[in-house]
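Welcome to this short tour. Please open the model in your viewer and keep the selection panel at hand.

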Amino acid sequence: MNIIIFLLILSFIVAIHELGHLIAAKIFGVYCYEYAIGMGPQLFKTQKKETVYALRLLPIGGFVAMAGAPEDDEAYPDVVVPKGRHLSEQATWKKVIVMLAGVIMNFILAWLLFSFVLLSSGR
């Protein structure tokens, strides 16, 4: 039972981290092929506009596949991405924000959790 709880918590943390990358990429107009939690075969997927949102079998990570990342472009060869929507075409400061957004979301999550614990403890 403890391993299931651990994997659920880990998956939640990964989902928040990857959501940071996804939000930043979408704000800057980067084309995102897929937002996935887990690795391996897809258990569930849905597509909203251009992005596929997927839950995968192995709860050991996650990813956001963006246009302009070589390994992601190779995985989605049939998708035609409009000019200017590749991560590689963005200004350096935008790329840095997209890459740091996951860590920033982890800090926000930690701050919210610590705040909740401190406020609920009555001190």
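Helices (H or I, at least four residues) and strands (E, at least two) are DSSP runs, numbered from the N terminus. The model is predicted, so to speak a computed one: local features need pLDDT of at least 70 and side-chain atom pairs pLDDT 80 or more, while totals for chains, interfaces and linings use all residues. Residues are numbered from 1 along each chain as its sequence is written, and side-chain values use heavy atoms, without hydrogens and water.

**Whole chain.** Colour by secondary structure: the protein chain has three helices and two strands, in the order α-β-β-α-α from the N terminus. Its C-alpha trace spans about 55 × 35 × 20 Å along the principal axes.

**Helix 1.** Next, select residues 2-27, which form helix 1 and include Ile5. Is Ile5 buried, partly exposed or exposed? With a relative accessible area of 41%, Ile5 is partly exposed, because that class lies between buried (under 20%) and exposed (over 50%), with a 1.4 Å probe and protein chains only.

**The patch.** Now select Met1, Ile3, Ile4, Ile5, Phe6, Leu8, Ile9, Phe12 and Ile13, which make a nonpolar surface patch of about 940 Å².

Of the 123 residues of the protein chain, 35% count as buried. Among contacts (heavy atoms within 4.5 Å) between residues at least 6 apart in sequence, 50% join residues at least 24 apart.

How values were computed: Patch = residues over 30% accessible without salt bridge, like charges linked within 9 Å, V, L, I, M, F, W, Y side chains within 5 Å. Areas by Shrake-Rupley, 256 points an atom, 1.4 Å probe, with all protein chains shown as cover. Salt bridge = Lys/Arg side-chain N within 4 Å of Asp/Glu carboxyl O.
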